[in-house]
4 protein chains.
Amino acid sequence: MLKVGIVGGTGYTGVELLRLLAGHPQVQLHAITSRADAGTPVSQMFPSLRGYVNLSFTHPDEAHLDQCDVVFFATPNGIAMQQTRALLDAGVRVIDLAADFRIKDIAVWEKWYGMTHACPELVAEAVYGLPEVNRDKIKQARLVANPGCYPTAVQLGFIPLIEAGLVEEGSLIADAKSGVSGAGRKAEIPTLFAEASDNFKAYGVAGHRHLPEIRQGLTNVSGKPVGLTFVPHLTPLIRGIHATLYGRLKNKDADLQALFEQRYADEAFVDVLPAGSMPETRSVRGSNLCRIAVHRPQGGDTVVVLSVIDNLVKGAAGQAVQNMNIMFGLPEASGLNVVPLLP
Amino acid sequence: MLKVGIVGGTGYTGVELLRLLAGHPQVQLHAITSRADAGTPVSQMFPSLRGYVNLSFTHPDEAHLDQCDVVFFATPNGIAMQQTRALLDAGVRVIDLAADFRIKDIAVWEKWYGMTHACPELVAEAVYGLPEVNRDKIKQARLVANPGCYPTAVQLGFIPLIEAGLVEEGSLIADAKSGVSGAGRKAEIPTLFAEASDNFKAYGVAGHRHLPEIRQGLTNVSGKPVGLTFVPHLTPLIRGIHATLYGRLKNKDADLQALFEQRYADEAFVDVLPAGSMPETRSVRGSNLCRIAVHRPQGGDTVVVLSVIDNLVKGAAGQAVQNMNIMFGLPEASGLNVVPLLP
Amino acid sequence: MLKVGIVGGTGYTGVELLRLLAGHPQVQLHAITSRADAGTPVSQMFPSLRGYVNLSFTHPDEAHLDQCDVVFFATPNGIAMQQTRALLDAGVRVIDLAADFRIKDIAVWEKWYGMTHACPELVAEAVYGLPEVNRDKIKQARLVANPGCYPTAVQLGFIPLIEAGLVEEGSLIADAKSGVSGAGRKAEIPTLFAEASDNFKAYGVAGHRHLPEIRQGLTNVSGKPVGLTFVPHLTPLIRGIHATLYGRLKNKDADLQALFEQRYADEAFVDVLPAGSMPETRSVRGSNLCRIAVHRPQGGDTVVVLSVIDNLVKGAAGQAVQNMNIMFGLPEASGLNVVPLLP
Amino acid sequence: MLKVGIVGGTGYTGVELLRLLAGHPQVQLHAITSRADAGTPVSQMFPSLRGYVNLSFTHPDEAHLDQCDVVFFATPNGIAMQQTRALLDAGVRVIDLAADFRIKDIAVWEKWYGMTHACPELVAEAVYGLPEVNRDKIKQARLVANPGCYPTAVQLGFIPLIEAGLVEEGSLIADAKSGVSGAGRKAEIPTLFAEASDNFKAYGVAGHRHLPEIRQGLTNVSGKPVGLTFVPHLTPLIRGIHATLYGRLKNKDADLQALFEQRYADEAFVDVLPAGSMPETRSVRGSNLCRIAVHRPQGGDTVVVLSVIDNLVKGAAGQAVQNMNIMFGLPEASGLNVVPLLP
């Protein structure tokens, strides 16, 4: 049994980790920390977990996280980078669900996140935890930077096209729509029910923090600089991301359906739908799946990829568990065999 | 033209007042105050008002509210009671949308609201602004205590039965459901979209502040002490209250349908539906109407009244405008002729 | 491995059975029938099941249901009563999720359901599948009548009070709120998104089919005739029932919290919340749990019970699987260990 | 007073016409036809209209529509083309809210709508009712083809760029999101609440009927063939369209903000937001406004236009009333001065 710790368990990625780990056959939850809520039973804050998680939140100073095999950071940006060094030195592996280790170029990270980075040398060591690209490196990693939600949906949709050199890298467009849980469990007016319900809007058009992350990932795959216009939108869902991706084809004769099916043939959590399909976000609700469809409308030179994930699962906690499974040599789907909830 | 001021225009009752007053033919908006947002154009905070309201928020010290004919308080509880005396002395009439002047028994008010009342003598003077009960007093009032949202829906539903002495006063039940805007435009976790959407719960079962207000109103009508069990619920609507009211009939032979129709025959904003109807909250969305249906299931001795309002209109801003119209001798429906928005 | 058949798998209770049975370790899905959709892969109609259910819908004539150990009917009312005799004769056990076998009094059933019953003798044999009341009989049953969704939530809330003789049986009130999936997967205007979203209404006030079912169940427990006013409401949730139950206490000194805790101490799927709690529907989303809280507001003589279930799980498919487990001597929670999905 | 008739008043565009016309000072409602619901009071089907519309639905044969000044068709496609000739001959002007007269190329229309056109000669005469482009022609028109909802939002967003020759016409992208009322008031499974709520999906990627309409409109403005990729999505709103439009700039030095502001300076119903804004659909809920913002992310060569309308108002009934006002020389905003409903 792996001894698992969670730092910052009171947000949505924290409670989602708990939901998944509570059903994971090789995991023993060791501690969940919260400075503000130390002593509170987890199931009091999240009654959905009554009967499944019997821990209380522990103060970080009393959590003995160095006794864990692995620690997940489900914290705001800027926390993990301060605590990871000590954990690694104690032989604990770390998976950060925040953005601290995602961007290799420290200057870029500091510009977009508005902080000085506390441990640039660990950024160099960290493995970007997108298993469909980096599985071998993840196996060896002490420190995994778990990808952002939008970057997961967008990269999985573009990767086959870019690997095959089929689209113009300089003019990609990602029009992405996210459920409101993506904004986190924070008391803020714009994500109140009375603000976000029955409403739709774009945000971050001038520049969203996930843009450099996506650009870095696609550039790595492409080998050439990637030009991307990324427009995120807030849509009245609790969970779900739908990325609608547009690229200009260099070669209209390619069999796009076959390309996608072959690229993901061995991936447990990427499901390429039959030609002509249009995936719904609810078809992955609560599950670690990414479902993808590829279209070429009216036989033109624009390819349209539709990619859906549950932002809290494949876009956060589920992918983190997948990474943990890979790091420790467990079956990759262990604890992740949750059938999507529909309706 | 009435010169109108609004204190505290950044909440939902404030923006709703603005929506209604922007279309009111006898009103000139003089000032909208906000300490925190002074200088901000109203339409920047509420883009829905672009083209309809050209004011900016004014600091209270610079608003010259004493030049108004009437001032609405759309503030948290405890503000109006500190500023009303000066306005009345300056000849300004006041309509408080908060609870400061609703409860005649100061001790009861102080217990439920957890504050010492700043001006008990004005509580005695204030008129409870439920036009269907107090129209004549409202005409003469300098100070109107605008009713709460639940109390409006519940009282309008019970009043005909109680006036006619048809139900046992000691065991009334009000099972009420409110949309999330009833919680106000405040940054709080329980009313986030990701918390309140696709979810239903009761709250305040042990005691909600609207309970003493309803009890006072029904006791006034009844002449006898009223026993009421009041259970409010949060339901994933933006706007709307649905009150389901239960009482034990003293007399099963009464013609309840006729009773309700006659009681409200002359009321512009209470619509008694045909026998057998079940009103929907959306049938009053955006309007000042209360729609009511009365049932006696299976011919038993339990009467069931269904009463719906828009909590921000008849339950707050609309009723306040109705009170203003009555106070100043304007047509009672002036500015309130908004057709409900359906779907 | 149990060989399991499902008749009528294209509705919400059908797809929910598939979700649960797909993860059930002792079940092998043998056939899912649909006359209209024979030949269509299940995962084409319900993409959420891609990778979990590989069957196609089978025409009833080719399903060989007589080879099953157990057959679930997830059909409209009136179907199971025509096919159950043959299955029982072939040694197949039957669980009907519709209403055909729920009401013992055939005349009552025929009045409320508007049909002549096809096999009254089987109604006599059928066991009403509420495990918390009838577990021992379910163990022996060939034919289980799976309870309705409202009846499950309402009965579980009232039973401890009635068994203890603590409430007046003649004047119970059940104010119940259901998510829209309770109406089924049928093309009808009132349950369209544009009709049911951002809207709240009562329905069936004059008489809902679940009323006689609840009355029968509570009368059995009470030993005396039970008088119940039952008002169901439609609320904009996908899943979830919240029953708010009211009764007049005969004895105000009883320890209601202890009563409920003791009554359900050994029940895996009834969770009595700590005193003062108010359960949310989402705390059971996707799970077979019923969470209950009991209140006595202001220390009065009215008891208020709050009871929540997922209408498709404990209110339908989950309870059916629970019944199957009991019938076949499997662990009662087998296949039902799904952590609720929150947010 | 204009005598107004409505053919097909039981859908969402019909009830929306009624809502707007009920408050129109120069309109007298003469008749609303419905074959299936003849005799039913309008307010029985739409309780929101109780007190505002006192008509009953009339059988088409008894509606005497030839006595009207203007008749609106709020019917499915293919109805108006059969009845318009007779009305025009009787001197009645016609506004068709369906698609019968929108596409000038009859072959294209017949291909996309799957019918033979009944009166091609009237297609030639019909004026496409987008006032911001065709106001002068609308003034003279006997027959107006009211634009589709997507085409309104998309064209208003692209027109300034195309008129100024600033974008490459051959590679436009319109990623559009619509509320569910856009699918109409029809009993269909995919638009049930339990299907469409908490869900997001693309549809019609291979080809949507609004594509040729948009292409025709933009080609007229451009003078050159326009290449457009159009991907519509269903989002869980009741009302609202959000179009996110992408184009490649020919000239990065143009002042896009000034361009849009000047283009729509005299338009009452197009509101160009300040630079950096991101319009919300709710900011136009219930109103005839189109709010637009223009962005050039990261100073690149891709222009992003955000355009929002209420699909039932500016996208249907409101624009139809605007056209009526123009046709009859009334103030263009008459009856359309509805403040958007927020929250």
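A:Ala107 counts as exposed because it has 10 C-beta neighbours inside 10 Å; by the criterion applied, a residue is buried if 20 or more other C-beta atoms lie within 10 Å of its own, exposed if 12 or fewer, and partly exposed in between, with C-beta atoms placed from the backbone. A:Ala107 is part of helix 4 of chain A. Helices (H or I, at least four residues) and strands (E, at least two) are DSSP runs, numbered from the N terminus. Between the C-alpha atoms of A:Ala107 and A:His117, which are 10 residues apart along the chain, the separation is 8.9 Å.

This is a predicted model, in which local features need pLDDT of at least 70 and side-chain atom pairs count only at pLDDT 80 or more, while totals for chains, interfaces and linings use all residues. Residues are numbered from 1 along each chain as its sequence is written, and chains are lettered from A and ligands numbered from 1 in the order in which they are written.

Chain A has two domains, domain 1 (2-125) and domain 2 (149-312), with bounds that come from an automatic or database domain assignment. Taken over C-alpha atoms, the centres of domain 1 and domain 2 of chain A are 27 Å apart. Domain 1 of chain A supplies 11 residues to the contact and domain 2 of chain A supplies 8; two residues are in contact if their C-beta atoms, placed from the backbone, lie within 7 Å. On the domain 1 side, helix 1 (12-22) and helix 4 (106-113) of chain A are the elements that give two or more residues. That side of domain 1 of chain A consists of 6 nonpolar, 2 polar and 3 charged residues. Here Ala, Val, Leu, Ile, Met, Phe, Trp, Tyr, Cys and Pro count as nonpolar, Asp, Glu, Lys and Arg as charged, and the others, Gly among them, as polar.

The sheets come next. Strands of a sheet pair through backbone hydrogen bonds, either parallel or antiparallel. Two strands are taken to pair if DSSP finds at least two bridges between them.

An open sheet of 7 strands in chain B has mixed pairing and the order 9-10-8-11-14-13-12. Strand 9 and strand 12 (270-272) of chain B each have a single partner strand and stand at the edges, so one side of each lacks a neighbour in the sheet. Strand 13 (residues 290-295) of chain B pairs with strand 14 of chain B over 6 bridges in the antiparallel sense, and B:Cys290 has B:Ile309 as its bridge partner. Helix 7 (residues 149-163) of chain B packs on the sheet, where it touches strands including strand 8, strand 10 and strand 11 of chain B.

In chain D, 6 of the 6 residues of strand 13 (residues 290-295) are buried. Both faces are covered, with D:Cys290, D:Ile292 and D:Val294 on one side and D:Arg291, D:Ala293 and D:His295 on the other. Strand 12 (residues 270-272) of chain D runs parallel to strand 13 of chain D and is joined to it by 3 bridges; D:Val270 stands opposite D:Cys290. Strand 14 (residues 302-309) of chain D runs antiparallel to strand 13 of chain D, with 6 bridges between them, and D:Arg291 stands opposite D:Val308. These two strands of chain D form a hairpin with 6 residues between them, and D:Gln298 in the turn has a positive phi of about 50°.

The last topic is how the chains meet.

Technical notes:
Axes are lines fitted to C-alpha atoms, for helices over the stretch in contact, and angles run from 0 to 180 degrees between N-to-C directions.
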